[in-house]
Amino acid sequence: MRTFKVTVIDGPDQGQVHQSTREPVVIGTHERATLRLTDPAVSRHHVELTPLGTGIGVRDLGSRNGTFVGGLRLREGTVNLGTTLSIGRSRITIEPVGAVSAKPRDAQSRFGRLVGHGPAMARAIDRLERASKSDATVLLSGETGTGKELAARSLHEASARSGGPYVVVDCASVPSTLFEAELFGHERGAFTSAHMAREGAFEMADGGTLFIDEIGELSLELQPKLLRVIELRESKRLGGKGPLPVDVRIVAATHRDLRAEVNQRRFREDLYYRLAVVEVALPPLRERLDDLRDLIEAIGGDVAARLRTSVSPLLEPDFLADLARHDWPGNVRELRNYLERTLVLGPQLEEQPPPSERRATPLAGPLLRIREARASAVAAFERDYLERLLLAHDQNVTLAAKAAGVDRVHFYRLLWRNGLRRNQG
């Protein structure tokens with residue numbers, strides 16, 4: 001990883017410079033942006049720059065006017081040092097500073113149940129390790145299947161609260177009408193079905209850790225109520241007479257980019273900053289393929305022990321090389337499923353490629369008009385995407401819909417349209 005500096009070379013803030021410290025740099029007009037600009041055409045949280053082993057990762061944070069490289073709009077990708085980006089009415093350059101440094105292979109590569117020695121995972125492990133020494137609120141971000149729940153549990157087990165309770169609330173699985181009672185509890189008779197008093201998650205987690213999964217799915221109506229509990233450390237049951245003090249360490253997780261959600265006014269800015277005291281991004285598997293052997297030794301070893309077989313077939317060089325050629329949209333969760341299936345059936349029986357293999361369709365025959373070609377390409381992508389998503393989640397439609405970011409009814413319609421489910425209606 002290399003430190004780098006960002007220089008504004010054109011626009012209202014021309015001449016402003018920020019030097020990174022091997023941490024992501026967020027550029028925007030918000031007062032808490034790493035590099036704060038005054039350009040009115042720049043969004044509050046506009047773009048994030050992350051040092052990678054291969055260059056600088058650039059991710060547009062759902063900005064209003066976009067991020068451009070050489071006239072092309074870039075939503076997410078990797079650029080070389082020396083690249084110039086255009087955001088709003090400003091232009092910025094990314095330049096190297098100092099020498100390249102790398103984390104040694106034998107350096108710390110494990111935190112609780114997480115493993116990995118590559119630059120992306122090493123950064124996450126280092127932040128988790130430091131966060132475990134305090135009670136600071138932690139926000140875990142990353143795609144579905146990257147290990148956010150493992151990170152939360154590992155954080156609890158490594159902290160001074162490890163002897164206390166560890167309570168999980170999943171915002172995506174609890175109906176919004178019941179979520180307030182789930183978090184804060186209720187007294188008997190507080191609502192029609194409240195036949196007895198019940199503790200909420202904050203009370204149950206007193207003295208320990210409360211893990212709020214998929215916090216990005218929390219409704220705008222409930223966000224200020226959660227913010228109040230975090231700020232005051234008091235929880236009031238529905239129908240209760242007064243607040244109850246709670247001593248809880250909060251760890252939240254989301255597959256959404258909450259800064260982009262803040263830009264779109266779908267998530268409260270004040271709640272985001274209360275949650276993101278320490279923010280840890282867990283990288284997707286496609287960005288940490290150098291960790292494959294570590295993951296297989298850890299995951300494959302557990303699976304092999306449970307199946308009473310040997311992990312050695314999973315460590316063959318040819319098998320590892322084959323795994324590294326795939327993109328793994330289901331991330332580590334998908335890898336675990338594939339390793340288990342391989343140990344059960346044997347590598348020689350796996351005639352089909354792993355479910356995440358990209359299937360490119362070459363251009364053949366007469367070229368279509370652009371509208372027809374686009375429709376054909378979108379249809380092919382949609383079916384391929386749905387097939388891979390279902391395979392990554394063992395045909396579980398609920399989990400697949402959640403990973404796709406759509407509700408289950410809409411997901412079923414997509415399956416019916418692509419001939420992957422029969423329309424029962």
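A helix here is a DSSP run (H or I) of at least four residues, and helices are numbered from the N terminus. The model shown in every view is predicted.

**View 1. Helix H13 and the residue that follows.** Helix H13 covers residues 408-417, and its buried residues are Phe411, Leu414 and Leu415. Seen down the axis of H13, these buried residues fall within an arc of 100 degrees, so they line one face of the helix. An α-helix has 3.6 residues a turn, so residues three or four places apart point the same way. The face of H13 turned away from the buried side carries the exposed residues Val409 and Arg417. Just after H13, Gly419 takes a positive phi of about 70 degrees.

**View 2. An open sheet with parallel pairing.** Five strands make up this open sheet, in the order S15-S18-S21-S14-S22, and their pairing is parallel. At the edges are strand S15 (166-170) and strand S22 (278-281), each of which pairs on one side only. From one strand to the next, the twist averages 20 degrees. Within the sheet, strand S14 (residues 138-141) pairs with strand S21 (residues 249-254) in the parallel sense over 4 bridges. Leu139 stands opposite Ala252 in S21.

**View 3. The largest nonpolar core.** This core has 32 residues, of which Phe202, Leu210, Ile215 and Leu226 touch the most other members. Elements that each supply at least two of its residues include strands S15, S18 (209-213) and S21, along with helices H3 (176-184) and H5 (223-232). A second, separate core of 20 residues includes Ile125, Leu128, Ala151 and Val280.

**View 4. The surroundings of Phe202.** Not counting residues up to four places away in sequence, Phe202 touches Leu183, Phe184, Leu210, Leu226, Val229, Ser235, Val246, Val248 and Ile250. Phe202 and two of these neighbours, Leu210 and Leu226, are among the residues that touch the most other members of the largest nonpolar core.

**View 5. An open sheet with mixed pairing.** This open sheet also consists of 5 strands, in the order S4-S3-S5-S6-S9, and its pairing is mixed. Strand S4 (35-36) and strand S9 (76-79) are the edge strands, each pairing on one side only. Strands of a sheet pair through backbone hydrogen bonds, either parallel or antiparallel. Strand S5 (residues 47-52) pairs with strand S6 (residues 55-60) in the antiparallel sense over 6 bridges. Val47 stands opposite Asp60 in S6.

Notes:
Residues are numbered from 1 along each chain as its sequence is written. This is a predicted model: local features need pLDDT of at least 70, side-chain atom pairs count only at pLDDT 80 or more; totals for chains, interfaces and linings use all residues. Side-chain values use heavy atoms; hydrogens and water are left out. Two strands pair if DSSP finds at least two bridges between them. Axes are lines fitted to C-alpha atoms, for helices over the stretch in contact, and angles run from 0 to 180 degrees between N-to-C directions. Buried means under 20% relative accessible area, exposed over 50%, partly exposed in between (1.4 Å probe, protein chains only). The arc is that of the directions from the helix axis to the C-beta atoms. A nonpolar core is a set of buried Ala, Val, Leu, Ile, Met, Phe, Trp, Tyr and Cys residues joined through side-chain atoms within 4.5 Å. Contact means heavy atoms within 4.5 Å.
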